[in-house]
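Here is a short briefing on one structure. Look it over first, then read the points below.

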Amino acid sequence: MRAGGSERSLGVPGSMARRIDVTGAGGVRLAAWEFGDPPKTDRAHDPSPSASGDPSASSAGDRPGVLLLHGLMGRASHWAPTARWLSARHRAVALDQRGHGRSDKPPRAAYTREAYVEDVEAALEQLGLGPAVLIGHAMGALTAWQLAAKRPDLVRGLIVCDMRASALGAASQHTWTEWFRAWPVPFATLADVRKWFGEDDPWVERPNPARGEFYAEVMAESPDGWRPVFEPEQMLRSRETWVYDAHWEELAQVRCPTLVVRGLDGELGRAEAQEMVRVLPHGQYAEVADAGHLVHYDQPEAWRTAIEPFLNSLGDA
């Protein structure tokens, strides 16, 4: 692990965080972003091999660890308001997953379920966060519960945000492929990005400024305009490794307390969410009104209100 000792921006105003590079499956470099004060141990800032080579070298001090995992096409900065709020009582870290944000995007790397899960496993160990609370949105939530099933020693609590356990099927993958093709890239300005994803995108039922801002955060300026920081083909490759399968079996293997959260207008329906809670050995349920799929981004205050009692029930140990 290479610790970045300076404060670096995640790319949006007010989202300063300390970057720590970790090594994921197959040697892929991943960017983790720590919010709030760094751990009290000096070793966390020591770039020497003896410190970085020891998985326990970076201790969470007296604060319990939380790792936040974005969804497909997302990035760590989407968690910034939540992570800053959490950092008052937790060591809060958000991860740019492979192919996303400022993590590496090797064209020949594996973009499989196993690779994503192994990346998070490696991040928890190298950051010294475990046993941690995992908070995941969409694809990140699936990764979180698959890791919780695989490594219960690393996960003491889990929050699943708007991710289905049912198989989505071939039609869903085809729809996503056609959607990517419809993007009018490159965008001339960020204002064009916000307008298209917030108003003009055929997937938008009514104007949604938060959605426009969400996608503006995953764009970078190039010589011919604004383009996504990810490769759409890599996103489709990532997605095809879960859409054809159901994931109830792994959900049933999660032993830690788990909160399933949905937006009332999100992709996870109430009946399926409640069935997920029933299947989970220690499941709980919460929903956020006036929120779509981007629950934590649409309604950040209501999102915090929904998850705070669950976090309090886990205690600080």
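In this predicted model, helix H5 (residues 170-182) packs against helix H8 (residues 232-239). Their axes lie 11 Å apart, at an angle of about 170 degrees. An angle over 145 degrees counts as roughly antiparallel, so H5 is roughly antiparallel to H8.

**The contact of H5 with H8**

- H5 contributes Ser172, Gln173, Trp176, Thr177 and Phe180.
- From H8 come Pro232, Met235, Leu236 and Arg239.
- The residues of this contact divide into 5 nonpolar, 3 polar and 1 charged.

**Strand partners of E10**

- Strand E7 (residues 155-161) runs parallel to E10, and 4 bridges join the two.
- Valine 160 has valine 260 in E10 as its bridge partner.
- Strand E11 (residues 283-288) pairs with E10 in the parallel sense over 6 bridges.
- Alanine 286 in E11 stands opposite valine 261.

**Cysteines**

- The count of disulfides comes to 0.
- Cysteine 161 has a relative accessible area of 0%, so it is buried.
- Cysteine 256 has 9% relative accessibility and therefore also counts as buried, since the cut-off is under 20%.

How values were computed: Residues numbered from 1 in each chain as written. Predicted model: local features only at pLDDT ≥ 70, side-chain atom pairs only at ≥ 80, totals over all residues. Heavy atoms only, no water. Disulfide = S-S within 2.5 Å. Buried < 20%, exposed > 50% of the residue type's maximum accessible area, 1.4 Å probe, protein only. Axes fitted to C-alpha atoms, helices over the stretch in contact; angles between N-to-C directions. Parallel < 35°, antiparallel > 145°, perpendicular 65-115°, else oblique. Contact = heavy atoms within 4.5 Å. Nonpolar A, V, L, I, M, F, W, Y, C, P; charged D, E, K, R; others polar. Pairing = 2+ DSSP bridges.
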